[in-house]
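This report covers helix packing, ligand contacts and backbone features. The sequence and structure come first.

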Amino acid sequence: MSVIERFQLDQQSAIVTGASRGIGRAIADGLAEVGANVVIANRSEDPGRQAAEELADEHGVETRWIETDVSKEASVRNMIEETVDAFGTVDVLVNNAGIVSLYPAEELELSEFQRIIDVNLTGAFLCSKYAAREMKDTGGGSIVNISSMSGKIANYPQGEAHYCASKSGMDGFMTQVASEWSEYGIRVNNISPGYILTDLNREYVDDNPEMAETWKANMVMDEFGTPEDIAPLAVYLASDAASYVTGENVVIDGGYTVR
Ligand code: NDP
């Protein structure tokens, strides 16, 4: 098989959580481009349905929008069941749905700490658990988590201890399940982006340009990344091109963590 053929995911089924926009949308586009049938799993119906329709039109694959709140177990179970009903298997899961807020740790309310953990970490756990059950039954699959460089470093100058904790948790979870689930043919890897300009942080950047300049000053490449900078690695990790890669965590940050 040629190198490029190993990236193909024809007729495979791929779930991308939080794929209505931003990084998840770019990853869903990439997976559809290499032939996967794609499930867009997020909460808001209009952008979710629109993303699913655009992907199908552009790439000629099957797509579904499935209303999903990754922090709610019943919602995740339903999403996995509907995926299997539609496509027969779950071959690829990308845990991308995530949220952020900025607070100094000493002022962080417990409820806000838990809100971030519930979506970013518990959500990845729930989706992985129910997807892995399907993958185990069908001989394997690939799980890709969108973690963050924030799981490894301190953010500066803003307070983000809850977000950093959620992403460190994701990294630890990934390492463990990559080991536990290897006997079922399931590979699990993380991607850790740096600052990618999306709806997640646009308001903070607009409202506080000095903070954004501090971030940029720490980047070797001096500029924010784009969702399209992340998608090719997600496609690689999802595909057979990465068949010998598991338990790995790759940083894409324009050199932020180098400095
Ligand atoms: P966006 O805010 O652009 O998109 C977030 C997506 O997640 C939306 O589709 C949103 O849809 C969905 N979402 C939010 N909450 C839930 C939920 N409870 N259940 C299901 N879906 C949900 O974010 P990004 O594209 O920037 O971020 C994507 C991932 O990348 C996140 O995990 C983030 O932590 C990570 N990341 C981002 C970085 C950045 O600089 N942008 C840097 C490092 C990591 P809806 O609201 O309709 O549910």
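## Helix H1 against helix H2

H1 and H2 are roughly parallel to each other, because angles under 35 degrees count as roughly parallel, over 145 as roughly antiparallel, 65 to 115 as roughly perpendicular and the rest as oblique. Their axes come within 10 Å and cross at roughly 30°, H2 being residues 45-59. Axes are lines fitted to C-alpha atoms, for helices over the stretch in contact, and angles run from 0 to 180 degrees between N-to-C directions. Helices (H or I, at least four residues) and strands (E, at least two) are DSSP runs, numbered from the N terminus.

The crossing of H1 past H2 is right-handed; a crossing is right-handed if the near helix is turned clockwise from the far one by less than a right angle, and left-handed if anticlockwise. On the H1 side the contact (heavy atoms within 4.5 Å) uses Arg 25, Ala 28, Asp 29, Ala 32 and Glu 33, and on the H2 side Ala 51, Glu 54, Leu 55, Glu 58 and His 59. By class these residues are 4 nonpolar, 1 polar and 5 charged. Ala, Val, Leu, Ile, Met, Phe, Trp, Tyr, Cys and Pro count as nonpolar, Asp, Glu, Lys and Arg as charged, and the others, Gly among them, as polar.

## Basis of the values

The model is predicted: local features need pLDDT of at least 70, side-chain atom pairs count only at pLDDT 80 or more, and totals for chains, interfaces and linings use all residues. Residues are numbered from 1 along each chain as its sequence is written, and side-chain values use heavy atoms, with hydrogens and water left out.

## Helix H1 against helix H8

H1 (residues 22-33) also packs on H8 (residues 227-238), at an angle of about 50° and with the axes 8 Å apart. The two helices H1 and H8 are therefore oblique to each other, and H1 passes H8 in a right-handed crossing.

From H1, Gly 22, Ile 23, Ala 26, Ile 27, Gly 30 and Leu 31 take part; they meet Pro 227, Glu 228, Ile 230, Ala 231, Ala 234, Val 235 and Ala 238 of H8. This contact has 10 nonpolar, 2 polar and 1 charged residues.

## Helix H3 against helix H4

The axes of H3 (residues 73-87) and H4 (residues 110-138) come within 9 Å, crossing at roughly 35°. The crossing is right-handed.

Glu 73, Val 76, Arg 77, Met 79, Ile 80 and Val 84 of H3 face Leu 126, Cys 127, Lys 129, Tyr 130, Ala 131 and Glu 134 of H4 in the contact. Its residues divide into 8 nonpolar, no polar and 4 charged.

## Ligand surroundings

There are 30 residues around the ligand (a heavy atom within 4 Å), and Ser 20, Ser 44, Asn 96, Tyr 163 and Thr 198 come nearest. Polar contacts are pairs of N or O atoms within 3.5 Å. A ligand oxygen atom lies 2.7 Å from a side-chain N or O atom of Ser 20, and an oxygen atom of the ligand is 2.7 Å from such an atom in Ser 44. At Asn 96, a polar backbone atom is 2.8 Å from a ligand oxygen.

## Backbone features

Most residues other than glycine have a negative phi, and most peptide bonds are trans. Gln 11, in the segment before strand S1 (13-17), has a positive phi near 65°. The peptide bond between Tyr 156 and Pro 157 is cis, with omega about 10°; Pro 157 lies in the loop between strand S5 (141-146) and helix H5 (161-180).

Note on methods:
Polar contact = N/O pair within 3.5 Å; in protein donor to acceptor, adjacent residues only side chain to side chain.
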